[in-house]
Amino acid sequence: MAALGYFDRMRDTVGGVQVSDAAGAPVDLDSAIGRLVGRFAALPAAGAKAVIVGNGGSAAIASHFATDFSKNGKVPTLAFSDAALLTCISNDLGYENVYARPIELFGKPGDLLLAISSSGSSANILTAARAALDGGMEVVTMSGFRPDNPLRSMGALNFYINSDSYGFVECSHFMLCHLAIDLLTGAWPEHGDRDSETA
Ligand SMILES: O=C(CO)[C@@H](O)[C@H](O)[C@H](O)[C@H](O)COP(=O)(O)O
């Protein structure tokens, strides 16, 4: 059955996620997710926030989880999804700066950037990660496609999906983000706090 084969491939793909640190050393998945959730959880007390950026389907992931981390996780999180802002910056400064300039304007040292790109090579996402690092923010990346994609070496934590299919890479990134918010709110494991809505 084609559909079930697709789901099998999806499970294998997301299950094969590889995580590396800033030096490229492998990081155990549970420890990496724990570190990511811990970083999100620590932001409010530090007066800091998160920013999530992506293109196309990954922009939708960014908006979804900026909402979930803000409302359900109680962690202020931006996705820079305002059309006026995005079209102004792109039109005036070039698309490669569409997220970098807002990060320069709104980012603060100690904030966290989650940069999501299936290819890991989109110029605007690389520029955004560079702007965040230059501004003293911590960067976490999610990428796919080529194992040597440039985004994969820019984060303190780098989640990499070994697939060249947008569907498998995007859905894997989505699942990693949902795992993080569900761990943060206690919706997972299932004996956690069920008062939080994470849909
Ligand atoms: O969802 C899809 C393809 O499935 C597209 O919208 C895709 O996200 C766009 O082509 C993006 O521009 C790809 O950029 P990136 O994720 O490689 O940085």
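## The annotated domain

The UniProt annotation "domain: SIS", from an unreviewed entry, covers residues 40–190; such annotations may be inferred rather than shown by experiment. The model is predicted, so local features need pLDDT of at least 70 and side-chain atom pairs count only at pLDDT 80 or more, while totals for chains, interfaces and linings use all residues. Residues are numbered from 1 along each chain as its sequence is written, and side-chain values use heavy atoms, without hydrogens and water.

In residues 40–190, 45% is helix and 15% is strand, and the end C-alpha atoms lie 20 Å apart. Helices (H or I, at least four residues) and strands (E, at least two) are DSSP runs, numbered from the N terminus.

## Meet helix 7

Helix 7 spans residues 166–185, and its 20 residues reach 28 Å from first to last C-alpha, close to the 28 Å expected at 1.5 Å a residue (1.5 Å times one less than the number of residues). Just after helix 7, Gly186 has a positive phi of about 85°.

Its buried residues (under 20% relative accessible area, 1.4 Å probe, protein chains only) include Phe168, Val169, Leu176 and Ile181. Among the partners that the buried residues of helix 7 pack against are helix 1 (2–15), helix 2 (29–42) and strand 4 (112–117).

## A helix alongside

Now look at helix 3. The axes of helix 3 and helix 7 (lines fitted to C-alpha atoms over the stretch in contact) come within 10 Å and cross at roughly 5°. That makes helix 3 roughly parallel to helix 7 (angles under 35 degrees).

The contact (heavy atoms within 4.5 Å) includes Ile61 and Phe65 of helix 3, and His173 and Cys177 of helix 7.

Conventions:
Buried < 20%, exposed > 50% of the residue type's maximum accessible area, 1.4 Å probe, protein only. Axes fitted to C-alpha atoms, helices over the stretch in contact; angles between N-to-C directions. Parallel < 35°, antiparallel > 145°, perpendicular 65-115°, else oblique.
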